[in-house]
Amino acid sequence: MAKSTVKKRPKTSQTLGDKAKATRQRILQRSLQLFNQHGVNGISTQQVAADLGISPGNFNYYFPRKRDLIEACLDLLQERLHSALTRTELFDDGLEGAEFLVNVYRTLWEFRFFFNG
């Protein structure tokens with residue numbers, strides 16, 4: 001009997017229940033912190049799982065490969081930047097413009113491991 005070659009898609013927040021969404025979000029947030037501290041190559045998915053106190057199997061349920069985790073981080077960066085940069089009119093004052101820039105820079109800082117090479 002032939003083995004199926006269909007790859008399982010990584011779980012997305014649209015396909016998960018509330019508890020699973022919270023776990024996935026927790027993994028993403030901690031991964032961002034660890035990637036920023038150690039770089040993407042300096043931290044493994046097993047280390048992220050151990051840091052969170054979850055089993056590697058549970059971690060792999062959400063992110064079967066490290067690439068899936070990085071892609072989820074990139075999707076989150078894109079979502080946050082889109083939110084931060086969506087603006088259709090000019091600023092009314094300097095404070096509003098400064099808040100806009102701070103929000104953009106804060107987003108870039110949160111995902112700085114992508115830019116640190």
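Helices (H or I, at least four residues) and strands (E, at least two) are taken here as DSSP runs, numbered from the N terminus. On this basis, the protein chain has five helices and zero strands, and its elements run α-α-α-α-α from the N terminus on. The structure is a predicted model, in which local features need pLDDT of at least 70, side-chain atom pairs count only at pLDDT 80 or more, and totals for chains, interfaces and linings use all residues. Residues are numbered from 1 along each chain as its sequence is written, and side-chain values use heavy atoms, with hydrogens and water left out.

Contacts are defined by heavy atoms within 4.5 Å. Among contacts between residues at least 6 apart in sequence, 65% join residues at least 24 apart.

Helix H1 has 21 residues and reaches 30 Å from its first C-alpha to its last, close to the 30 Å expected at 1.5 Å a residue (the expected span being 1.5 Å times one less than the number of residues). The buried residues of H1 include Ala20, Thr23, Leu34 and Asn36. The buried residues of this helix pack against helix H2 (45-52), helix H3 (56-62), H4 and helix H5 (94-110). Just after H1, Gly39 takes a positive phi of about 80°.

Two packed helices are described by the angle between their axes and the distance between the axes. Axes are lines fitted to C-alpha atoms, for helices over the stretch in contact, and angles run from 0 to 180 degrees between N-to-C directions. H1 and helix H4 (residues 66-85) pack at an angle of about 90°, with their axes 10 Å apart. The two helices are therefore roughly perpendicular (65 to 115 degrees; under 35 counts as roughly parallel, over 145 as roughly antiparallel and the rest as oblique).

Leu77, Arg80, Leu81, Ala84 and Leu85 in H4 meet residues of H5, including Phe100, Val104 and Leu108. The contact of H4 with H5 has seven nonpolar, two polar and two charged residues.

Asn36 is found in H1 (residues 18-38) and counts as buried because its relative accessibility is 14%. Leaving aside neighbours within four places in sequence, Asn36 is in contact with Trp109, Glu110, Phe111, Arg112 and Phe113. The C-alpha atoms of Asn36 and Arg112, 76 residues apart along the chain, are separated by 6.3 Å. A polar atom of the Asn36 side chain lies 2.8 Å from the backbone oxygen of Glu110, and the side chain of Asn36 also reaches the backbone nitrogen of Phe113 at 2.8 Å.

Notes. Buried < 20%, exposed > 50% of the residue type's maximum accessible area, 1.4 Å probe, protein only. Polar contact = N/O pair within 3.5 Å; in protein donor to acceptor, adjacent residues only side chain to side chain. Nonpolar A, V, L, I, M, F, W, Y, C, P; charged D, E, K, R; others polar.
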